[in-house]
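Me: I'm new to this one, so let's take it slowly. Can I put some questions to you once it's on screen?

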Amino acid sequence: MQQADLPPILVSTLDYERLSTLIARTPAAQFPGAAALEKELERATLLSPEVMPASVVTMHSTVKFAMQPSGEEFALTLCYPHETAGDAGKIAITAPMGSALLGLSVGQSIHWPTPGRQQVTVTVLDVIWQPEANGQLTM
């Protein structure tokens, strides 16, 4: 994936700090996609949570997205690994799709590798709920 092929992303300073700590503290065997997430964080434009647009996927956002080539659509909440605990309505940031979604805005797409070296295209259809837009800045 070339840098020019990647859509611009926005990440809150709070999410950046928490995710950087998660990457540093999680053993590589438990987080094989850590390097990809770290690259995403490095290229992100950082904003304070108070000015984050409501159309951006942040941690704890509930997002509707589509995956190609399958065409499947999902509505999931982006969470930290310890928060998913078997909840089918959540996706961990440590999952390839979780890392792909972070920072994207409604209408944006990104090509992302999955286990088995396949590529999928993830497109954000809607940010159904975002903590920053709902005054929950420290969630």
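Me: In the hairpin of strand 3 and strand 4, which residue takes a positive phi?

Reply: That's Gly71, with a phi near 80°, in a hairpin that has three residues between its strands. Bear in mind that this is a predicted model, where local features need pLDDT of at least 70, side-chain atom pairs count only at pLDDT 80 or more, and totals for chains, interfaces and linings use all residues. Residues are numbered from 1 along each chain as its sequence is written, and side-chain values use heavy atoms, with hydrogens and water left out.

Me: What makes strand 3 and strand 4 a pair?

Reply: Two strands pair if DSSP finds at least two bridges between them. Strand 3 and strand 4 (residues 72-79) have six, in the antiparallel sense, so they pass. Thr62, for one, stands opposite Thr77 in strand 4.

Me: How do you know that strand 3 pairs with strand 7 too?

Reply: There are seven bridges between strand 3 and strand 7 (residues 118-129), again antiparallel. In strand 7, Asp126 is the bridge partner of Lys64.

Me: Why is strand 3 called largely enclosed?

Reply: Buried means under 20% relative accessible area (1.4 Å probe, protein chains only). Five of the seven residues of strand 3 (residues 62-68) are buried, so the rest of the structure largely encloses it.

Me: Which residues of helix 2 are buried?

Reply: In helix 2 (residues 34-43), they are Ala34, Leu37, Glu40, Leu41 and Arg43.

Definitions and conventions
Buried means under 20% relative accessible area, exposed over 50%, partly exposed in between (1.4 Å probe, protein chains only). Helices (H or I, at least four residues) and strands (E, at least two) are DSSP runs, numbered from the N terminus.
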